[in-house]
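Subject: Structure for your review

Dear colleague,

I am handing over the structure below, followed by notes on what was found in it. Please read the notes alongside the coordinates.

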Amino acid sequence: MKLSVIKLDGKASGDVELSDAVFGITDIRGDLLARYVNWQLAKRRAGTHKVQTRNENSRTGKKMYKQKGTGGARHGSRRAPQFVGGSRAFGPVVRDHGFSLPKKVRALALRHALSSKAKSGDLVVVDSLTLKDAKTAGLRDTFGKLGWTKTLIIAGPEVDANFGLAARNIPMVDVLPNAGLNVYDILRAQKLVLTKAAVEAIEARYAEARPSRREQAAKEAA
């Protein structure tokens with residue numbers, strides 16, 4: 001598929017040919033996107049919630065009262081969870097919430113996310129993203145003219161220093177290098193902006209991926 005390339009000032013800068021294997025998937029699988037997003041959000045959970053167990057409670061371990069003759073239940077410690085100040089039974093402990101997701105599934109989900117933006121017309125390719133001066137006000141006006149409000153920008157192998165400084169205080173605009181490309185940020189952004197260098201890097205990594213059986217069946221049916 002062919003897509004127009006623009007400059008940062010909005011002027012045309014030619015066309016770019018996008019790989020159908022990466023940007024041209026028509027049957028977008030929501031189940032793949034959901035699996036990737038759940039995996040990504042689970043991995044970033046801290047998992048540092050913790051309660052005191054009985055062996056960590058600083059209350060005394062002395063027997064509360066004698067075993068027999070009180071007419072009450074037989075208790076041995078005030079650290080038991082049924083007492084005020086005692087430990088909690090079966091409380092949360094420090095753990096990792098992450099789980100594994102096959103690399104092929106992750107790659108396929110990313111291609112579907114990129115294709116969903118191309119299919120909806122929310123994919124923009126720019127020639128380059130560099131600034132002479134790190135001026136946030138000027139860049140905010142430029143974004144307003146282009147209609148980039150809630151936007152994810154993939155700037156290439158590295159983010160231009162001035163562009164990154166100017167864009168970091170603009171709300172709802174995220175600027176990432178190629179290594180930061182992920183499904184969650186793509187889906188929650190209204191616009192996905194890629195530089196030509198970013199497109200080349202993405203296609204070099206994912207264009208040779210074999211289509212899934214579902215994609216192959218849809219292509220044969222068409």
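Two strands are taken as paired if DSSP finds at least two bridges between them, and helices (H or I, at least four residues) and strands (E, at least two) are DSSP runs, numbered from the N terminus. This is a predicted model, in which local features need pLDDT of at least 70 and side-chain atom pairs count only at pLDDT 80 or more, while totals for chains, interfaces and linings use all residues. Residues are numbered from 1 along each chain as its sequence is written, and side-chain values use heavy atoms, with hydrogens and water left out.

Six strands form an open sheet with mixed pairing, in the order 2-1-3-6-4-5. Strand 2 and strand 5 are its edge strands, each pairing on one side only. On average, and with direction ignored, neighbouring strands of this sheet are turned by 30° against each other, where axes are lines fitted to C-alpha atoms, for helices over the stretch in contact, and angles run from 0 to 180 degrees between N-to-C directions. Helix 7 (residues 196-206) packs on the sheet and touches strand 1, strand 2, strand 3, strand 4 and strand 6, its direction making about 90° with that of strand 6; contact here means heavy atoms within 4.5 Å.

At one end of that order, strand 1 (residues 2-6) and strand 2 (residues 12-17) run antiparallel and are joined by four bridges, with Asp15 in strand 2 as the bridge partner of Ser4. The hairpin of these two strands has five residues between them, and in this hairpin Gly10 takes a positive phi near 95°. Strand 1 also pairs with strand 3 (residues 123-126), in the parallel sense and over two bridges, and there Val5 has Val125 as its bridge partner.

Strand 4 (residues 151-154) is covered on both faces, with Thr151 and Ile153 on one side and Leu152 and Ile154 on the other, all of them buried; buried means under 20% relative accessible area, exposed over 50%, and partly exposed in between (1.4 Å probe, protein chains only). Strand 4 pairs with strand 5 in the parallel sense over four bridges, and the bridge partner of Ile153 in strand 5 is Val175. Between these two strands the chain crosses through helix 5 (residues 161-167), and this β-α-β crossover is right-handed, a term that applies if, with the strands pointing away from the viewer, the path from the first strand over the helix to the second runs clockwise. Strand 4 likewise pairs in the parallel sense with strand 6 (residues 191-195), again over four bridges, and Leu152 stands opposite Leu192 in strand 6.

Helix packing

Helix 2 (residues 30-43) and helix 3 (residues 103-120) pack at an angle of about 115°, with their axes 9 Å apart. The contact is made by Leu32, Leu33, Arg35, Tyr36 and Trp39 of helix 2 and by Val105, Arg106, Leu108, Ala109, His112 and Ala113 of helix 3.

Salt bridges

A salt bridge is a side-chain nitrogen of Lys or Arg within 4 Å of a carboxyl oxygen of Asp or Glu, and by this rule the count comes to five. One of them joins Arg29 and Asp31, whose closest N and O atoms are 2.7 Å apart; Arg29 counts as buried at 18% relative accessibility, whereas Asp31 is partly exposed, with a relative accessible area of 39%.

Arg188 forms a salt bridge with Asp174, the closest N and O atoms being 3.0 Å apart. Arg188 lies in helix 6 (residues 183-188) and Asp174 in strand 5 (residues 173-176), so this pair ties together parts that are 14 residues apart in sequence. Both residues are partly exposed, Arg188 at 38% relative accessibility and Asp174 with a relative accessible area of 30%. The side chain of Arg188 also meets that of Asp185 in a salt bridge (3.0 Å, N to O). Because Asp185 and Arg188 are three residues apart in helix 6, they are separated by about one helical turn; Asp185 counts as buried, at 15% relative accessibility. Through shared partners, salt bridges join Asp174, Asp185 and Arg188 into one network.
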